[in-house]
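Student: I want to learn how to read a model like this one. Can we go through it feature by feature?

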Amino acid sequence: MKVKITDVIPSVRLPAGRVGKYTIDQFEVNEMDAVTYNLKQHLHDTPEMGMIPGTYTRLWRQDETPVVMMSDTLSERRDHVDFVLSAWGDVLINGLGLGMCIDPLMEQEEVCRVTVVEKQQEIIDLVAPTYCRRYPKRFRIVHADAFLYEPEECPDVVWNDIWDTISDLNVPEMDTLEAKYEEAAWVDSWARERCENFVDFVKARIEKWDQIAKNLRLLQENGRFVDSSD
Ligand SMILES: C[S@@+](CC[C@H](N)C(=O)[O-])C[C@H]1O[C@@H](n2cnc3c(N)ncnc32)[C@H](O)[C@@H]1O
């Protein structure tokens, strides 16, 4: 069954704000930004990561170089669709971020309770009050490290999303968290397959960009493209 991503996971509804080094703000993607971004994704052979114009919400960490930890762009939402559609009963999410799945989970009658485990108190202070007010009975935030947290009972469904970026280095942590909840009916981790294939993906990307750079250089020098045997 094909589902519309934005029907399963709507835009995040959080006010802009800042606590310590964490900031939430809204940003606009116009038609031109979207076209440029989508062309880049096509070049990377990841057209499914495309963007549509609109207003989005993001969570920043103010490091030396600011890092976007999470946003509710289409590709981020796509990554959470299977989880939201699989959720029922007692649901555990490791990693609060923007809490993007909380609203859609609460729409589902078969979800009794959502517990989110978050390590950073500042992110809890920034994000959790909105959801505590919105869902006083069914939402619970726990300040803990996901690897150390011990629930009284094993949840029915567990979603691990504690990573900012895709990397093969995330896989052992995913294995640990998934093994910890092996008795749950459903357990998965954000972008597991892409993390597992990360090294091959990067190699293919480098080869592709090498080829593009070579073509552009030759075009400049000789006014022609190389053919595939060059
Ligand atoms: C990418 S964000 C999560 C995005 C989230 N799925 C959402 O819907 O917005 C990752 C979150 O995990 C938290 N985190 C990182 N390591 C953690 C750990 N060991 N235990 C609990 N939370 C952790 C981060 O502070 C951050 O809030």
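Student: Which residue of S6 stands opposite Asn94?

Tutor: Start with the general idea. Strands of a sheet pair through backbone hydrogen bonds, either parallel or antiparallel. Now the case here, in what is a predicted model. Asn94 stands opposite Val117 in S6.

Student: How many bridges join S5 to S6, and in which sense do the two run?

Tutor: Six bridges join them, and the strands run parallel. S5 covers residues 89-94. S5 also pairs with S8, residues 157-160, through four bridges in the parallel sense. There, Leu92 has Val158 of S8 as its bridge partner.

Student: What is the strand order of the sheet that holds S5 and S6?

Tutor: The order is S7-S6-S5-S8-S9, an open sheet of five strands with parallel pairing. Its edges are S7 and S9, each of which pairs on one side only. On average, neighbouring strands are turned by 15° against each other, direction ignored.

Student: What is the order of the sheet with antiparallel pairing?

Tutor: That open sheet has four strands, in the order S1-S2-S3-S4. S1 (17-19) and S4 are the edge strands, each pairing on one side only. From one strand to the next, the twist averages 35°.

Student: Which residue of S3 is the bridge partner of Phe27?

Tutor: Tyr56 is the partner of Phe27. The pairing belongs to S2 (residues 22-29) and S3 (residues 54-61), which are antiparallel and joined by eight bridges. On to the next pair. S3 and S4 share four bridges, again in the antiparallel sense. Trp60 has Val68 of S4 as its bridge partner. Five residues lie between S3 and S4, and the two strands form a hairpin.

Student: How should I think about side chains on a strand?

Tutor: In a regular strand the side chains alternate between the two faces of the sheet. Ile141 sits in S7, residues 139-143.

Student: Why does Ile141 count as buried?

Tutor: Count the neighbours. Ile141 counts as buried because 20 C-beta neighbours lie inside 10 Å, and the cut-off for buried is 20 or more. Sequence separation is another thing to read. Val12 and Ile141 are 129 residues apart along the chain, and their C-alpha atoms are separated by 18 Å.

Student: Now helices. How far apart are the end C-alpha atoms of H3, and what span should its residues give?

Tutor: At 1.5 Å a residue, the 13 residues of H3 (74-86) should span 18 Å, and the end C-alpha atoms are 19 Å apart, which agrees. The expected span uses one less than the number of residues. H2, residues 31-43, gives a similar check: 13 residues should span 18 Å, and its ends are 19 Å apart, which agrees.

Student: Where is the kink in H3 centred?

Tutor: On His80, with a bend of about 40°. So check the local axis as well as the end-to-end span.

Student: What is phi at Ala191?

Tutor: Most residues other than glycine have a negative phi, and most peptide bonds are trans. Ala191 has a positive phi, near 55°. Ala191 lies in the loop between S9 (186-189) and H7 (192-196). With 17 other C-beta atoms within 10 Å, Ala191 is partly exposed. Asp45, which follows H2, also has a positive phi, near 60°.

Student: How many residues surround the ligand?

Tutor: The shell holds 21 residues, the closest being Gly95, Gly97, Leu98, Met100 and Ala146. S4 (67-71) and S6 (111-118) are the elements that give two or more residues to this shell. By type, the shell has eleven nonpolar, five polar and five charged residues.

Student: What does the whole protein chain come to in helices and strands?

Tutor: Eight helices and nine strands. Of the 230 residues, 25% are buried. Along the principal axes, the C-alpha atoms fill a box of roughly 70 × 40 × 35 Å.

Notes
Residues numbered from 1 in each chain as written. Predicted model: local features only at pLDDT ≥ 70, side-chain atom pairs only at ≥ 80, totals over all residues. Near = placed C-beta within 6 Å. Nonpolar A, V, L, I, M, F, W, Y, C, P; charged D, E, K, R; others polar. Pairing = 2+ DSSP bridges. Axes fitted to C-alpha atoms, helices over the stretch in contact; angles between N-to-C directions. Bend = angle between axes of the 7 residues up to and from the residue. Buried ≥ 20, exposed ≤ 12 C-beta atoms within 10 Å, placed from the backbone.
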